[in-house]
Each structure stands twice: as structure tokens, then as C-alpha cells.
Amino acid sequence: MTRGKALILIILCISFMLLLLASSLTFNYMYEGNIPQTLLAYSQDGKVIGKAPFGPSIEHPFGTDRNGYDMFAKVLQGAQYTLGAAVVISLLSFGVSFIAGVVWGFRNSANQFISQTILSSLYFIPQSIIAYNILFPLLWEPQGGFDTTFTERVILTGITLAIITIPTTAVLISNETREILKKEFILSAKVLGGSRFFLFKKHVMPHLKLRLFIIYPKIVIQVLLIIAHLGFFQLFFGGTDVCYGPFCDPPKPIVQEWAGLMALNFDELFNAWWIFMVPMIFFSLTILSLNGIARGVEALLDSNVQVDVKKGREEKASQIKNNKRVVKVEDLKRVSG
């Protein structure tokens, strides 16, 4: 992938996510979260010609659910919770992981046992299972109702998911830091007496900067997948509304976030497919956009490496030519002398 194509890919993917998030915030602000509802369809004569759910049409491009609520409006309403939460949680996890990873990367090799064996083993433990066991008492509504507010549950859920994703991300950043510290120019700077802060500021950070832009989208994907898995376990972001009466509806989310929309409507895939597929499509497009950002940054990083290699070859070639010229001049002086 060329540098120009990589920049276009990054801009398109970021624009899609920003547009989706801005549209969600605008919709919830202008309409106060009220989703359009159409229970019955009438003909020009005033006769009932259909009832919800309505499939994709000109009036409802993404269809409606069984209660007549527009699916696109539901997706827009939930984007601020799902996408916004994933971005904020990932920032918190990324910030702590960056500090811990860089500090650990500067540690001596004797301390690598913890990061390479104990912490790396977390890659093989499903993070969704860990999150489920920790968050179940918080998000599953007890028989007497929640003891916490919606804001408190959101904050505690965000902190928990950030903590769960910190170890693996910190190990990744520490490994990247150690690889950079093995470079020859780093060893030369150490010999000349450069401090750790000097090495980090002048040498490590310029090389680590682009790699961080690759790591962050992957953290967002990781958080989104955990939220989606919890949704299929009926543990929804912000809390699960549970009814304990004799004739109750199944557990449902408190807000219209994407994981809840997909989990509750999975059975509709073979009946009214659009009820499940609409949130699934937007969720998939978000994942693809994050992957596109990571791929674009990787392409930019590869192009920078190729440019540096090309410059190094040109400088080496010019140096060899200059040395040859100097040798020829010296030989001519000796002959003339």
C-alpha cells in the first residue's frame, strides 16, 4: 500500500467513526432520545395494510422492530453508549498501559520473566469470562432493584474493563520499547552517558509514536468485543433490567446499546432478519474502520522504514564514491610526485 492510499484509508475510517458518533449525539440532543414508532401502516383509503415489524423500505430504509421502532434511530441512539464507551475505556487503558509498559521496558532483563511468562499468559484467558464474573453483581439487577445509579454502573464498568485490558497492552508496549532499546544508536547514547529520560524523549518516543497509533485501535476493538460478548451473556452495558414477576419479559438493556440490540434480536435472524442485522452491520463497519486505521498506520510505518533504508543506501553509496575519488586523487599525487 502506497503512502497516499494509506492516508486516504485512515481519513475515511476516522471520518466514518466521527460521523457516526456526532450523529448519535445530535440525534439524542435534538429528539431527546425519542425513537420514531410506526405500529400500523394505512392505505390511502385509511385501511390497515400492515403492522410492525416493517422491512426495509423507502419510509424505513433499515426497517423497524416488532414494536414499530425505527432500527436506524435505535442504532443512532445506542452509538454514543457503545462506541463512546469503547473509546473512553480504551483511552484509560491505553494511558495506564503506556506508562507501565515504557517503565517496564526500561527495566533490566531479570524482570522480563514476569512480563514474558505470567502477564503474557493472560493472552490465553478469555477476557469476556473475567469481565462477566466481575461485573455480574454490578450489572445484573437484583430482586430489590439496583443499589447503584446508572452513572455509577457506567463508571465502574469502564474502570473494570480498562483494568482487564491493561496487562496485555502493557506487555505489548514494553516489548516494543525493549526492541527499540536494542538498536545500535541507543547503545551509543548509553555509552555517552544519556539518562533514561533522555533516551525516552530523544530516541524511544519518536520510534514508538507510530506504533502507538497501531496499538490504540486494537484496544478499542478489544473493548468492543468484550462488550458484545457480555451482551450475549445478557449482561448489558449500564445494567440489565430484570423482572422477577410471574408474567415478565426476558432481561433487557436499560439503554439502546448495540450489544443489547444484537443479543436480544438474535432469534429474529430467521424471521425479520433486519432487526438483528442492522446493529450487526454498524458494529462490523466500526470494527472494519478500526482495523483500517491500524492497517493504514502500519503502511505509513513501513513506508517510513523503506524511505530510511533507501536514504541509508544512497548515503552509503555516495560515501563509497567519495572514498574512491579521494583514493584516486591521492594516487595521482603520488604518481606526479
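**A walk through the predicted chain**

C243 and C248 form a disulfide (a pair of cysteine sulfur atoms within 2.5 Å), with their sulfur atoms 1.9 Å apart. A search of the whole structure finds one disulfide. C243 is partly exposed, at a relative accessible area of 43%, and C248 is partly exposed as well, at 28%. C13, in contrast, counts as buried, at 8% relative accessibility. Here buried means under 20% relative accessible area, exposed means over 50%, and partly exposed is in between, computed with a 1.4 Å probe on protein chains only.

This is a predicted model, in which local features need pLDDT of at least 70 and side-chain atom pairs count only at pLDDT 80 or more, while totals for chains, interfaces and linings use all residues. Residues are numbered from 1 along each chain as its sequence is written, and side-chain values use heavy atoms, with hydrogens and water left out.

The confidence comes next. The mean pLDDT (the predictor's confidence in each residue, from 0 to 100) of the protein chain is 83, and 85% of its residues reach 70 or more. Among the elements of the chain, the lowest mean pLDDT, 62, belongs to helix 3 (residues 112–118), and the highest, 92, to helix 4 (residues 127–139). Over residues 307–312, pLDDT stays under 50, and the model has zero contacts beyond four places in sequence for them. A contact means heavy atoms within 4.5 Å. Where pLDDT is low, the predicted coordinates should not be read in detail.

The secondary structure of the protein chain comes to nine helices and four strands. Helices (H or I, at least four residues) and strands (E, at least two) are DSSP runs, numbered from the N terminus. From that end on, the elements run α-β-β-α-α-α-α-α-α-β-β-α-α. Of the 337 residues of the chain, 39% count as buried. Among contacts in the chain with a separation of 6 or more, 73% are between residues 24 or more positions apart.

Two packed helices are described by the angle between their axes and the distance between the axes. The axes are lines fitted to C-alpha atoms, for helices over the stretch in contact, and the angles run from 0 to 180 degrees between N-to-C directions. Angles under 35 degrees count as roughly parallel, over 145 as roughly antiparallel, 65 to 115 as roughly perpendicular and the rest as oblique.

Helix 5 (residues 150–181) and helix 7 have axes that come within 10 Å and cross at roughly 155°. Helix 5 is therefore roughly antiparallel to helix 7. The contact is made from helix 5 by residues including L161, T165, T169, L172 and I180, and from helix 7 by residues including H203, H207, R211, I219 and I227. The crossing of helix 5 and helix 7 is right-handed; a crossing is left-handed if the near helix is turned anticlockwise from the far one by less than a right angle, and right-handed if clockwise.

Helix 4 packs against helix 7 (residues 196–232) at an angle of about 60°, with the axes 9 Å apart. This makes helix 4 oblique to helix 7. On the helix 4 side the contact is made by Q127, S128, A131, Y132 and L135, and on the helix 7 side by Q222, L225, I226, H229 and L230. The crossing of helix 4 and helix 7 is right-handed.

S93 belongs to helix 2 (residues 71–105). It is buried, with a relative accessible area of 0%. Apart from neighbours within four places in sequence, S93 is in contact with A162, T165, I166, T169 and I219. T165, T169 and I219 also take part in the contact of helix 5 with helix 7.

P279 sits in helix 9 (residues 273–336) and counts as buried, at 0% relative accessibility. Its contacts, neighbours within four places in sequence aside, are with M71, V75, L261, M262 and W274. P279 and M262 are 17 residues apart in sequence and 6.3 Å apart in space, C-alpha to C-alpha.

Two backbone details lie in loops. The peptide bond from A52 to P53 is cis, with omega near 10°, and P53 lies in the loop between strand 2 (48–51) and helix 2. Q234 has phi near 60°, a positive value in a residue other than glycine. The place of Q234 is the loop between helix 7 and strand 3 (240–241), where Q234 is partly exposed, with a relative accessible area of 33%.
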